[in-house]
Amino acid sequence: MDFNGRSGEMGVFATVAQEGSLSAAARALGLTPSAVSRIIARTEQRLGTRLLLRTTRAITFTAEGEAFLRGARRILADMAEVEEAIADQGVPRGRLRVSAALGHGRLAIVPLVAAFSARYPNIVVDLTLGDEVVDILGGQADVAVRFGHLPDSPLTARRIGNTGQVVVASPEYLQRHGIPQEPEDLLRHNCLRFNFRRAEPNWPFIRDGKEFSLKVSGNIECSSGEALAQLARVGAGIARIGEFSVSEDLQRGDLIPLLEAWNPGDQEPIHAVFVGGSAMPARVRLFVDFLLEHHRM
């Protein structure tokens, strides 16, 4: 790092904030504490304001120091992204953090990650499976695979597929509690539901060409479609979940589709969501393009 330029000064200042002291920052940067102190003093003199308040025990930031730190971190991150994007044009490399829902990730994304890694061995894919929504702008992931209609945001979204919904129950449950013949019969059944914020509280159906919704209830709620499918398999109740998560169960007869004549045929979109723009690293673009080419749902 060139410590004489403004970017070098920002880097030193950000390191001091990260390490918590001038001496710790000096060790991290390979400098002496006096050299770090001179760089901070030079920055303060150029800006005409005090950025740090130093005592023998700790350092604190002035209001101007806090503002400078926020700007410095943003500028340094932008510079790193631009340099990565340019460097990636040769041989794509680096860490790619991918977030996907548990069930869909296991069934659809994991096989694609294996194929992607074989094609681009210099890219380290850091895959996290879970049904919580990660903060991409906050740096928790580079690409997230999300279901449903997306809220407005500065993120870029590419539609990679769709999945239908199906109402299912196990043969054991239906033998004990009976088969619902029409949607209103669900009011007498234990319905397994999602508990996350974007989940619709009612189940949609169609009758005589008109859609309507039914408020169902039950004693189990869960954030994972795969967990709801498992609960339905063991006879805990009736679930309405994505077809992709129960396709194998339906083929084996472990789960039975219900009320298909009233199924509205609604399709839930599946998107790859990421930070777009000219500084987007090549590894992100390559992975999104790979999903668009190979995703089958």
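Arg233, Glu248, Asp249, Arg252 and Asp254 are joined in a network of salt bridges. This is a predicted model, and a search of the whole structure turns up 14 salt bridges.

**The network and one of its pairs**
- Are the two partners buried or exposed? Arg233 counts as partly exposed because its relative accessibility is 31%, whereas Asp249 is buried, at 3%.

**Two further salt bridges**
- The side chains of Arg95 and Asp126 meet in a salt bridge, at 3.4 Å from N to O.
- Here too the pair links distant parts of the chain: Arg95 belongs to strand 3 (residues 94-100) and Asp126 to strand 4, 31 residues apart.
- Arg95 is partly exposed, with a relative accessible area of 48%, and Asp126 is also partly exposed, at 28%.
- Arg176 pairs with Glu172 in another salt bridge, the closest N and O atoms being 3.9 Å apart.
- Arg176 and Glu172 both sit in helix 6 (residues 171-177), 4 residues apart, which is about one turn of the helix.
- Arg176 has a relative accessible area of 47%, so it is partly exposed; Glu172 is partly exposed as well, at 43%.

**Domains**
- The domain assignment divides the protein chain into domain 1 (6-86) and domain 2 (93-296).
- The centres of domain 1 and domain 2, taken over C-alpha atoms, are 44 Å apart.

**A nonpolar surface patch**
- Which residues make the nonpolar surface patch of about 190 Å²? They are Leu102, Val110 and Leu129.
- Leu129 lies in strand 4 (residues 123-129) and counts as partly exposed because its relative accessibility is 31%.

**Positive phi angles**
- Most residues other than glycine have a negative phi.
- Asp208 has a positive phi, near 55°, and is located in the loop between strand 8 (203-207) and strand 9 (210-214).
- Asp208 is exposed, with a relative accessible area of 74%.
- Leu259 has a positive phi near 55°, in the loop between strand 12 (256-258) and strand 13 (267-274).
- Leu259 counts as buried, because its relative accessibility is 7% and the cut-off for buried is under 20%.

Terms used: Residues are numbered from 1 along each chain as its sequence is written. This is a predicted model: local features need pLDDT of at least 70, side-chain atom pairs count only at pLDDT 80 or more; totals for chains, interfaces and linings use all residues. Side-chain values use heavy atoms; hydrogens and water are left out. Patches are made of residues with over 30% relative accessible area and no salt bridge: like charges are joined within 9 Å, nonpolar side chains (Val, Leu, Ile, Met, Phe, Trp, Tyr) within 5 Å. Accessible areas come from the Shrake-Rupley method with a 1.4 Å probe; for residues, only the protein chains shown count as cover. A salt bridge is a side-chain nitrogen of Lys or Arg within 4 Å of a carboxyl oxygen of Asp or Glu. Helices (H or I, at least four residues) and strands (E, at least two) are DSSP runs, numbered from the N terminus. Buried means under 20% relative accessible area, exposed over 50%, partly exposed in between (1.4 Å probe, protein chains only). Domain bounds come from an automatic or database domain assignment.
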